[in-house]
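Please look through the model below before reading on.

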Amino acid sequence: MTPAPSRRRNAAPPREDVLAAAMETIAARGLDGLTMAGLGREVGMSSGHLLYYFRTKDELLLQTLEWSEGRLGAERGALLSREGPVRERLDAYVDLYVPDGPRDPHWTLWLEVWNRSQYADDDARARQAAIEGAWHRDLVALLAEGISRDEFRPVDPARTAARMRALLDGFSVHVAVGIPGTGRPQVLSHVADFITETLLPSRPAA
């Protein structure tokens, strides 16, 4: 009698393995290198099998972004829950937000999902908004804590967070696409100046 095929051998890889492989492909070969057929070969699945799970490439990209954001969210939560001055934790937030450099895989993916969002359905747009909302809420809470400890000026935390994230998004796009003169060190310096000018209490005149 021929033995039955192993369930383990035929089982689809865990969803997280597929999403990790997608991110690794983006990091190594960019978005143009991410195809259903190529990803299927990486994880031992047919492109048809992948489409069964993700339906479209747009959904694969969004789920990969959600997976990546989940990892960043855990890292962000650990950074922001540390003891110490709020300014140090705000600097850590900014450091995590800004891309590492041109073609940063996470930001490459973010830009593509943003670009496709104008054609996305309501569910996809709500999921993107949830990602944005998590970053915003954490920043508002951090600013509010700094104000309550008299480390920051008594600004409106939500309004200031919106302005700061707009600044971070604009500069981060420049870093991710490699616009000359706006590398990561320059951007971190600009944001540090914004924090000093907007949030830190004025020093009394000598």
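**A walk through the model**

Asn115 sits in helix H7, which spans residues 105-116; helices here are DSSP runs of H or I with at least four residues, strands are runs of E with at least two, and both are numbered from the N terminus. This is a predicted model, in which local features need pLDDT of at least 70, side-chain atom pairs count only at pLDDT 80 or more, and totals for chains, interfaces and linings use all residues. Residues are numbered from 1 along each chain as its sequence is written, and side-chain values use heavy atoms, with hydrogens and water left out.

Asn115 counts as partly exposed because its relative accessibility is 47%; buried means under 20% relative accessible area, exposed means over 50%, and partly exposed lies in between (1.4 Å probe, protein chains only). Thr182 is 67 residues from Asn115 along the chain, and their C-alpha atoms are separated by 22 Å.

The UniProt record, an unreviewed entry, places the feature "DNA-binding region" at residues 35-54. UniProt positions are given in the numbering used here, feature names are shortened, and annotations may be inferred rather than shown by experiment. Over residues 35-54 the chain is 80% helix and 0% strand, with 13 Å between the end C-alpha atoms. Val43 belongs to helix H3 (residues 36-43). Val43 is classed as buried because its relative accessibility is 16%. Leaving aside neighbours within four places in sequence, Val43 is in contact (heavy atoms within 4.5 Å) with Pro13, Asp17, Val18 and Ala21. Pro13 is 30 residues from Val43 in sequence, but the two are 6.9 Å apart, C-alpha to C-alpha.

Arg55 lies in the loop between helix H4 (47-54) and H5. Arg55 is not a glycine, yet has a positive phi of about 70°. With a relative accessible area of 58%, Arg55 is exposed. Asp150 also has a positive phi, near 65°, in a residue other than glycine. Asp150 is in the loop between helix H8 (122-148) and helix H9 (157-177), and is exposed at 64% relative accessible area.

The side chains of Glu59 and Gln63 are joined by a polar contact of 2.8 Å. A polar contact is a pair of N or O atoms within 3.5 Å; within protein, one must be able to donate a hydrogen and the other to accept it, and residues adjacent in sequence count only if both atoms are side-chain atoms. Not counting residues up to four places away in sequence, Glu59 touches Phe54 and Arg127.

In soluble globular proteins, nonpolar side chains tend to be buried together. A nonpolar core is a set of buried Ala, Val, Leu, Ile, Met, Phe, Trp, Tyr and Cys residues joined through side-chain atoms within 4.5 Å. The largest one here has 54 residues, and those with the most contacts inside it include Leu39, Leu90, Val94 and Met164. Helix H5 (residues 57-80) gives the most to this core, with 8 residues. Val94 touches Met164, Leu168, Leu188, Val191 and Ile195, not counting residues up to four places away in sequence.

The largest pocket has a volume of about 410 Å³. A pocket is an open set of points on a 1 Å grid over the protein atoms alone, where a 1.4 Å probe fits, with protein on both sides within 12 Å along at least five of seven lines; lining residues have an atom within 4 Å of a point. Grid points are joined across faces, edges and corners, and a volume is the space filled by probe spheres set on the points. Of the 22 residues that line the largest pocket, the closest to its centre are Leu72, Leu96, Asp104, His106 and Trp107.
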